[in-house]
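Take a look at the structure below. This report covers its charged pairs and then its nonpolar cores.

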Amino acid sequence: MSGDGHPALMNTTQSWDPILYDDRARFVSTLAKDDLVDLLAPGPDDHVLDLGCGTGDLAILIAARGARVVGVDASAAMIAAARAKAPGISFSVADGQSLGFDKEFTAVFSNAALHWMRRPDDVAAGMARALRPGGRLVVEFGGHGCCAQARAAIGTALGEAGMDPSAWEPWYFPRLGAYTALLERHGFEVRAASLFDRPTPIGGEDGLGTWMRLFANRLLDELGDRAQAVVRRAQELARAALFSDGVWSLDYVRLRVSARTA
Ligand code: BEZ
């Protein structure tokens, strides 16, 4: 129970379904793929760590530009799917919060993964350790304000259903200044950083529900037979802000940073 008597929700680890992810969430890699990989500018002399590689789509793009790539992800199911897609790339299961690499890579790359790691100091320390001197870091993930309207609607729906809305979120969405300062504390020199809106379409009348099934599935599991009512109510609450012309457009905010080690 939370302090105010509402049943508390645990923010336990997300579980991933690679088939659903590739089918419904391909936008996560598609929306970033060209310009983020261009910013990394991988080439044949590179050895790149793709941190939180998911089902491997961006690791494959990076490898296609000639770099050697190692993809890691905390989900064994996602790694199995990545290996099936690209048997020539090294993919393995690893927690980004306890990376064990030591000066092995010329670059660390990450798309849409760091917001799932709630110990950012441990992540930054591991990324810094993994890089050779002068190594590059190119990362993009959810930044401050990401999905604020969707999250507020879900929180309100949970509160109305008698649940504690304060503790369900599993994400880390830092402000730009806080994140660049964190990287600097770990020895990175930040070259460029931006926080920007990326309205993200997710089709169909039930788009916010689809998004919740993809990215808030532990919450829905915990809610059990109350889940459908919470999804329905959250959609009612968020509809005016996020739904028009038959499409949900989620209020994504991205934080993109490029940096180097000394
Ligand atoms: C994403 O994967 O991009 C994402 C997931 C959950 C919340 C916000 C963004």
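## A charged network

Asp35, Glu140, Arg198, Arg254 and Arg256 are joined in a network of salt bridges. The model is predicted. Across the whole structure, a search finds 15 salt bridges. Side chains of opposite charge can pair when their charged atoms come close.

Asp38 forms a salt bridge with Arg65. Their closest N and O atoms are 2.8 Å apart. This pair links distant parts of the chain. Asp38 sits in helix H3, residues 33-40. Arg65 lies in the loop between helix H4 (57-64) and strand S2 (68-73). The two residues are 27 residues apart.

Arg151 pairs with Glu169 in another salt bridge. Here the closest N and O atoms are 2.8 Å apart. Again, distant parts of the chain are linked. Arg151 belongs to helix H7, residues 148-160. Glu169 is in the loop between H7 and helix H8 (176-185). They are 18 residues apart. Arg151 has a relative accessibility of 19%. The cut-off for buried is under 20%, so Arg151 counts as buried.

Which residue forms a salt bridge with Arg233? The partner is Glu236, and the closest N and O atoms are 2.8 Å apart. Both residues lie in helix H11, residues 227-242. They are three residues apart, about one turn of the helix. Arg233 is partly exposed, at 27% relative accessibility.

## The nonpolar cores

In soluble globular proteins, nonpolar side chains tend to be buried together. In this model, the largest nonpolar core has 37 residues. Leu208, Trp211, Met212 and Phe215 have the most contacts inside this core.

Which elements each supply at least two residues of this core? They are H7, helix H9 (207-215), helix H10 (217-223), H11 and strand S8 (247-261). H11 gives the largest share, six residues. H11 is also the helix that holds Arg233 and Glu236.

Another core lies apart from the largest one.

Key:
Residues numbered from 1 in each chain as written. Predicted model: local features only at pLDDT ≥ 70, side-chain atom pairs only at ≥ 80, totals over all residues. Heavy atoms only, no water. Salt bridge = Lys/Arg side-chain N within 4 Å of Asp/Glu carboxyl O. Helix = DSSP H or I, 4+ residues; strand = E, 2+ residues; numbered from the N terminus. Buried < 20%, exposed > 50% of the residue type's maximum accessible area, 1.4 Å probe, protein only. Core = buried A, V, L, I, M, F, W, Y, C linked by side-chain atoms within 4.5 Å.
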